[in-house]
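Today I am opening a new structure and keeping short notes as I go. Come along and check each entry on your own screen.

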Amino acid sequence: MAVSIETLQNLLQQLNTVPATDMAPLFAATRQVKLDAGETYIREGDTARKLAYLEKGIIRAYAVRNNGDEATLFLRWEGQFIASHDTIIRQRPSRFIYRALEDTVVVEIDYEQLDGVLRENPRLEPLRSHFLQLMLAEALDSIESFVTLSPEERYLQLLDSRGDIVNRVPDKYIASMLGVTPVSLSRIRKRIHSRGKQ
C-alpha cells in the first residue's frame, strides 16, 4: 500500500538534516500498516525490530504485572514515532505489549532494513542518531516527570500538550500512565475543574 505524500512530507520536516532527494531509498523500504482498534502491534516476547511513525491513531505500550494488573508505560499518537526500546536498543525480546486503542495507521520500517539502507547510503546516517536520540529523550522526559512533577502536574502537562488525548483514551489507562488510581484521577479532574470555576 502506498504511503501518503503528506505523511512523507511530515517525516521529512522532522528529519530535515537530510536532503529530500536522498530519502528515496528509505521510503522505498517503508510500508503502511493499518491496525484495528484493540489490535496488537508488538507482542510481549516479540523480537521484530519495528520502527514506525504514527500517521493516525493511538498506540498504548503496557506490561501485565504478576497480579494481572496492567501498567501503562506510555501512549503514542499522531506525529510520533513508536518502537520497542527492548528490541531496538537492547536487542532482546520486548517486555511490553503495544496495542492500538483506536483504528490506527503507521508507516513502518524494519530496523534491519533501515540499517542496510544506511550502510548503502552514508548520507542518511544522521537518521539513526535522530531516532535513537528521540527514543532516549522520550524515556528521560518520562522519568523526569515522575521525579519532579506531581500526578496533577503530569496530567496538566498532558492536557497542555495534547488535551484531546484524554477524551480518546479510557481513564484507567490515563491513570495508570500517571501512576495513580482512576479514583485519584477523578479527584485531580475535580480539583482542576473547581479551580477553573473560581
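**Entry 1: a strand with two partners to look up.** I began with strand β4 (residues 58-64), which is joined to β7 by 4 bridges, the two running antiparallel. Helices (H or I, at least four residues) and strands (E, at least two) are DSSP runs, numbered from the N terminus. Two strands pair if DSSP finds at least two bridges between them. I found Y62 standing opposite I97 in β7. I then looked up strand β2 (residues 40-42), which pairs with strand β7 (residues 97-100) over 2 bridges in the antiparallel sense. There, I42 has Y98 of β7 as its bridge partner.

**Entry 2: what I am looking at.** This is a predicted model, where local features need pLDDT of at least 70 and side-chain atom pairs count only at pLDDT 80 or more, while totals for chains, interfaces and linings use all residues. Residues are numbered from 1 along each chain as its sequence is written, and side-chain values use heavy atoms, with hydrogens and water left out.

**Entry 3: the open sheet.** In what order do the 4 strands of the open sheet come? I read β1-β8-β3-β6, with antiparallel pairing. At the edges I noted β1 (31-35) and β6 (81-83), each pairing on one side only. On average, neighbouring strands here are turned by 35° against each other, direction ignored. For such angles, axes are lines fitted to C-alpha atoms, for helices over the stretch in contact, and the values run from 0 to 180 degrees between N-to-C directions. Strand β3 (residues 50-56) and strand β8 (residues 104-110) are joined by 6 bridges and run antiparallel. K56 has V105 as its bridge partner in β8. I also saw helix α4 (residues 111-120) lying across β3 and β8, at about 50° to β8.

Entry 4: Leaving aside neighbours within four places in sequence, I listed I82, A83, V107, E108, I109, L114 and F131 as its contacts, contact meaning heavy atoms within 4.5 Å. L51 and F131 are 80 residues apart along the chain, yet their C-alpha atoms are separated by 8.9 Å.

**Entry 5: the cores.** A nonpolar core is a set of buried Ala, Val, Leu, Ile, Met, Phe, Trp, Tyr and Cys residues joined through side-chain atoms within 4.5 Å. The largest one has 19 residues, and L114 and L127 have the most contacts inside it. Two or more residues each come from α2 (24-28), β3, β6, β8, α4 and α5 (126-148). The largest share, 4 residues, is from α4. Another core, of 17 residues, lies apart from it, and includes Y155, V169, L178 and L185.

**Entry 6: two helices crossing.** Helix α8 (residues 171-178) has Y173, I174, A175, M177 and L178 buried. Just after α8, G179 takes a positive phi of about 80°. The axes of α8 and helix α6 (residues 151-162) come within 10 Å and cross at roughly 120°. The two helices are therefore oblique to each other; angles under 35 degrees count as roughly parallel, over 145 as roughly antiparallel, 65 to 115 as roughly perpendicular and the rest as oblique. In this contact I found P151, R154, Y155 and L158 of α6 and I174, M177 and L178 of α8.

Notes
Buried < 20%, exposed > 50% of the residue type's maximum accessible area, 1.4 Å probe, protein only.
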